Amino acid sequence: MTIKETLLWGTSELHEICERPQYEAELLLTYHLKQDRTYLILHEDKEIDIKEYEKLIERRKNHEPYEYIVGEASFYDIYLKVEEGVLIPRPETEILIDLVAEIIEKEKIIRIAEIGVGTGAISIVLARKFPELKSIATDICEKPLEIAQLNINKYQLGDQVELRKSNLMDEVSEPVELVVSNPPYIAEDYLLESNVVDYEPKEALFGGKVGDELLKQIILDVKAREIKWLACEMGYDQKEPIQAFVKEVGVKSIQFYKDLAGFDRGFIIQFM
Ligand SMILES: C[S@@+](CC[C@H](N)C(=O)[O-])C[C@H]1O[C@@H](n2cnc3c(N)ncnc32)[C@H](O)[C@@H]1O
């Protein structure tokens with residue numbers, strides 16, 4: 001088949017399962033041929049062997065996320081290695097990073113902790129923005145720690161981001177000025193799309209029976225340690241319960257923020 005025919009075939013195969021079949025068919029072909037999209041346009045009549053490409057299309061048809069197939073995710077201004085067992089970083093988490101960056105800049109913060117590092121997305125982007133910043137980033141699972149370390153090495157941030165296997169911040173005894181987290185916050189019985197629930201790790205998705213259990217525990221832990229700032233991502237329906245909870249706990253202020261679709265998506269707490 002020619003490149004043009006291959007793309008038409010790939011697009012029709014992906015029609016049922018993804019929103020942008022032509023775009024994904026093209027991206028998978030650039031990955032297969034190790035060429036960019038311009039190459040596909042300039043060489044549309046070139047004959048190619050598509051046996052391996054057919055396998056990639058088959059994987060995508062089985063709802064495997066594109067990022068796991070190619071082993072990489074685009075996030076903020078970087079590319080992060082991903083594989084099964086580690087959450088694919090989501091665009092909405094970039095909003096959390098920008099809000100935390102504002103606080104770091106304003107308060108001249110140099111020591112932070114991150115709970116639930118995943119690929120390393122949050123700590124890596126922050127470390128690249130602030131060369132003086134040090135982050136201790138935890139995760140309860142081995143696989144994210146392994147992948148985060150590869151990403152930290154790729155961007156040569158070993159002096160700034162230290163990883164630790166830990167439940168929440170249990171293994172972090174050093175003083176920090178701010179804690180950031182995108183913890184699992186989905187309720188156990190929430191129905192997710194098959195590309196998410198069949199492939200992404202349960203430990204990264206589900207926060208407990210109600211969903212906000214880990215968020216509440218993080219709020220309590222950070223307050224107990226007398227850390228001034230906490231910034232978290234949360235579910236679109238968790239503003240009310242979190243607001244009621246912090247009223248009980250007692251904080252100086254809480255500011256909620258929305259994602260680009262207009263849904264409640266997280267909060268910044270100042271404890272003192
Ligand atoms: C939603 S993912 C976020 C990953 C990454 N920070 C991001 O934004 O893409 C949550 C991460 O928290 C980790 N995690 C779950 N429970 C945890 C716990 N009790 N303590 C530390 N990490 C935990 C999961 O393994 C997962 O990597």
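At what angle do the axes of helix α2 and helix α4 cross? The answer belongs to a predicted model, in which local features need pLDDT of at least 70 and side-chain atom pairs count only at pLDDT 80 or more, while totals for chains, interfaces and linings use all residues. Residues are numbered from 1 along each chain as its sequence is written.

The protein contains 12 helices and 11 strands, taken as DSSP runs numbered from the N terminus (helices H or I, at least four residues; strands E, at least two). Its C-alpha trace spans about 65 × 40 × 30 Å along the principal axes.

Helix α2 (residues 21-33) and helix α4 (residues 51-61) have axes that come within 10 Å and cross at roughly 140 degrees. The axes are lines fitted to C-alpha atoms over the stretch in contact, with angles from 0 to 180 degrees between N-to-C directions. On the α2 side, E24, L28, L29 and H32 make the contact, and on the α4 side E52, Y53, L56, I57 and R60 (C-beta atoms, placed from the backbone, within 7 Å).

Attention now turns to the ligand. Of the 22 residues around the ligand, P89, G116, G118, N182 and A204 come nearest; a residue is near if its C-beta atom, placed from the backbone, lies within 6 Å. Helix α7 (121-129), strand β4 (134-139) and helix α10 (202-205) each supply at least two residues of this shell.

Note on methods. Contact = placed C-beta atoms within 7 Å.
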